[in-house]
Amino acid sequence: MKVNRHAKIVELIHKYDIETQEELADYLNEAGFQVTQATVSRDIRDLRLTKVPTSTGKQKYIVLRTPDEDLKDKYRRVLQDGYLSMDKAQNILVIKTVPGMAMAVAAALDAMKWHEVVGCIAGDDTIMCAIRNEEVTTEVMEKISKIVFQ
């Protein structure tokens with residue numbers, strides 16, 4: 001429900017110049033979401049909405065950062081927290097993690113939706129990551145290194 005409401009909020013602020021939380025709550029209620037001002041306030045914080053001036057001198061909400069960017073930051077943190085080492089065997093990338101972190105790191109890699117990564121299989125502290133072909137395996141290793149060691 002929250003994900004659907006957040007998507008609707010982003011849609012509404014792109015469609016209308018919404019200046020107040022009350023206006024946003026009214027639009028959401030019209031769209032079938034039963035919300036209170038407190039819920040809208042939390043949603044604004046969660047979505048990192050901010051106000052900017054319009055050409056009419058009023059203010060309107062805009063998305064400062066997209067929720068996808070926040071998720072990518074979370075995936076990067078999981079990768080940074082769990083990563084220990086990696087090695088390649090042709091088009092298979094073997095990633096070692098902190099014990100118990102392999103599934104989280106594999107899920108983060110899958111969620112990043114890199115075209116080169118076909119998929120990951122995780123144990124407790126080891127991930128086997130299938131890469132599309134041997135040529136791009138090194139590129140994926142470089143991407144992971146940039147995230148881990150930034």
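This report looks at a helix pair, its salt bridges and the nonpolar cores of a predicted model.

## Two crossing helices

Helix α1 covers residues 2-15, and helix α3 covers residues 37-47. Their axes come within 11 Å and cross at roughly 80°. Angles from 65 to 115 degrees count as roughly perpendicular, so α1 is roughly perpendicular to α3.

Which residues make the contact? From α1 come Lys2, Arg5, His6, Ile9 and Val10. From α3 come Thr39, Asp43, Asp46 and Leu47. The contact residues divide into 3 nonpolar, 2 polar and 4 charged.

## Salt bridges

The whole structure has 5 salt bridges. One of them joins Lys2 to Asp46, with the closest N and O atoms 3.2 Å apart. This pair links distant parts of the chain: Lys2 sits in helix α1 and Asp46 in helix α3, 44 residues apart. Lys2 is partly exposed, at 44% relative accessible area. Asp46 is also partly exposed, at 32%.

Asp43 and Arg5 form another salt bridge, at 2.5 Å from N to O. Asp43 lies in α3 and Arg5 in α1, so the pair ties together parts 38 residues apart in sequence. Are these two residues buried or exposed? Asp43 is buried, with a relative accessible area of 1%. Arg5 is buried as well, at 12%.

A further salt bridge pairs Glu11 with Lys8, where the closest N and O atoms are 3.1 Å apart. Both residues lie in helix α1, 3 residues apart, or about one turn of the helix. Glu11 is partly exposed, at 42% relative accessible area.

## The nonpolar cores

In soluble globular proteins, nonpolar side chains tend to be buried together. Here, the largest nonpolar core has 22 residues. Those with the most contacts inside it are Leu79, Leu93, Ile95, Leu109, Trp114, Ile127 and Ile144. Elements giving two or more residues to this core include strand β4 (92-97), helix α5 (102-111) and helix α6 (134-148). The largest share, 6 residues, comes from α6. A second, separate core has 14 residues, among them Leu24, Ala25, Phe33 and Val35.

## A close look at Val105

Val105 lies in helix α5. Its relative accessibility is 0%, so Val105 counts as buried. What does Val105 contact beyond its neighbours within four places in sequence? The partners are Val78, Leu79, Gly82, Thr97 and Ile127.

Ile127 has its own contacts beyond four places in sequence, including Leu93, Ile95, Ala102 and Val105. Leu84 is 21 residues from Val105 along the chain, and their C-alpha atoms are separated by 11 Å.

How values were computed
Residues numbered from 1 in each chain as written. Predicted model: local features only at pLDDT ≥ 70, side-chain atom pairs only at ≥ 80, totals over all residues. Heavy atoms only, no water. Axes fitted to C-alpha atoms, helices over the stretch in contact; angles between N-to-C directions. Helix = DSSP H or I, 4+ residues; strand = E, 2+ residues; numbered from the N terminus. Parallel < 35°, antiparallel > 145°, perpendicular 65-115°, else oblique. Contact = heavy atoms within 4.5 Å. Nonpolar A, V, L, I, M, F, W, Y, C, P; charged D, E, K, R; others polar. Core = buried A, V, L, I, M, F, W, Y, C linked by side-chain atoms within 4.5 Å. Buried < 20%, exposed > 50% of the residue type's maximum accessible area, 1.4 Å probe, protein only. Salt bridge = Lys/Arg side-chain N within 4 Å of Asp/Glu carboxyl O.
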